Amino acid sequence: MPESEQMGGVTIAPGVLATIVSLTAQAVPGVARLCGSGMGRFLGRDDSRTGIRVQVKDEAVWADVYLIVESGRNMYQVGTQVQKEVAEAVLQMVGMPVQEVNVYIQDVE
């Protein structure tokens with residue numbers, strides 16, 4: 001299609017990115033559940049329900065994932081698997097590169 005016949009733009013809501021990150025992280029073996037960071041209270045937000053913080057800067061995604069790991073699991077392996085799968089899911093589903101996926105293991109269950 002020639003440039004002059006473009007149909008318009010596509011905008012992805014930040015909530016959609018957070019949902020992708022959340023569902024992907026929870027599907028990783030060893031993740032018991034997501035949990036809030038506790039920082040939302042200090043920043044005037046309530047992130048205790050989501051355990052996910054997503055930002056878009058310069059057409060790329062930065063994500064923070066706060067989670068609880070199942071007992072007996074290797075926390076480092078679970079964390080790196082979450083990073084890998086979240087980055088792949090966002091790139092595949094939305095087509096946006098992921099700059100960082102920071103995983104914060106808050107507890108063991």
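These notebook entries record what I looked up in a predicted model of a protein.

**Entry 1: conventions.** I number residues from 1 along each chain as its sequence is written, and side-chain values use heavy atoms, with hydrogens and water left out. Because the model is predicted, local features need pLDDT of at least 70 and side-chain atom pairs count only at pLDDT 80 or more, while totals for chains, interfaces and linings use all residues.

**Entry 2: overall layout.** I found 2 helices and 4 strands, in the order α-β-β-β-α-β along the sequence. Helices (H or I, at least four residues) and strands (E, at least two) are DSSP runs, numbered from the N terminus. I then looked up burial, where buried means under 20% relative accessible area, exposed over 50%, and partly exposed in between (1.4 Å probe, protein chains only). Of the 109 residues, 34% count as buried. The accessible surface comes to about 7,000 Å², and 50% of this area belongs to carbon and sulfur atoms. That area comes from the Shrake-Rupley method with a 1.4 Å probe; for residues, only the protein chains shown count as cover. For contacts (heavy atoms within 4.5 Å), I noted that residues 24 or more positions apart account for 67% of those with a separation of 6 or more.

**Entry 3: nonpolar core.** In soluble globular proteins, nonpolar side chains tend to be buried together. I took a nonpolar core as a set of buried Ala, Val, Leu, Ile, Met, Phe, Trp, Tyr and Cys residues joined through side-chain atoms within 4.5 Å. The largest such core has 21 residues, and Val21, Val54, Val65, Leu67, Val82, Val86 and Val90 have the most contacts inside it. Two or more residues come from each of helix H1 (14–26), strand S1 (31–34), strand S2 (52–57), S3 and helix H2 (75–94).

I followed two residues further. Ala25 lies in helix H1 and is buried, at 0% relative accessibility. Beyond four places in sequence, Ala25 is in contact with Val31, Leu34, Val65, Val82 and Val86. The C-alpha atoms of Ala25 and Val82 are separated by 5.4 Å, although the two residues are 57 residues apart along the chain. Val86, with residues up to four places away again not counted, touches Val21, Thr24, Ala25 and Val101.

**Entry 4: aromatic rings.** I found 1 aromatic pair in the structure. The ring centres of Tyr66 and Tyr104 are 4.7 Å apart and the planes are at 15 degrees, so the pair is stacked. The criterion is that rings of Phe, Tyr and Trp (its six-membered ring) pair if their centres lie within 6.5 Å; planes under 30 degrees apart count as stacked, over 60 as edge-to-face and the rest as tilted. Tyr66 belongs to strand S3 (residues 60–69) and Tyr104 to strand S4 (residues 98–108), so the pair ties together parts 38 residues apart in sequence. Tyr66 is buried, with a relative accessible area of 8%, whereas Tyr104 is partly exposed at 33%.

I also checked for charges over rings. Lys57 lies over the face of Trp62, at 5.0 Å from the ring centre. This requires NZ of Lys or CZ of Arg within 6 Å of the ring centre and within 35 degrees of the ring normal.

**Entry 5: Asp64.** Asp64 has its place in strand S3 and counts as buried at 16% relative accessibility. I recorded a polar contact of 3.0 Å between the side chains of Asp64 and Asn102. A polar contact is a pair of N or O atoms within 3.5 Å; within protein, one must be able to donate a hydrogen and the other to accept it, and residues adjacent in sequence count only if both atoms are side-chain atoms. Without residues up to four places away in sequence, Asp64 touches Gly51, Ile52, Arg53, Asn102 and Tyr104.

**Entry 6: the loop between S2 and S3.** I examined Asp58 and Glu59 in this loop. Asp58 is exposed, with a relative accessible area of 75%, and its phi is near 50 degrees, a positive value in a residue other than glycine. Glu59 is exposed at 66%, and its phi, near 65 degrees, is also positive. Outside four places in sequence, Glu59 touches Met96 and Pro97.
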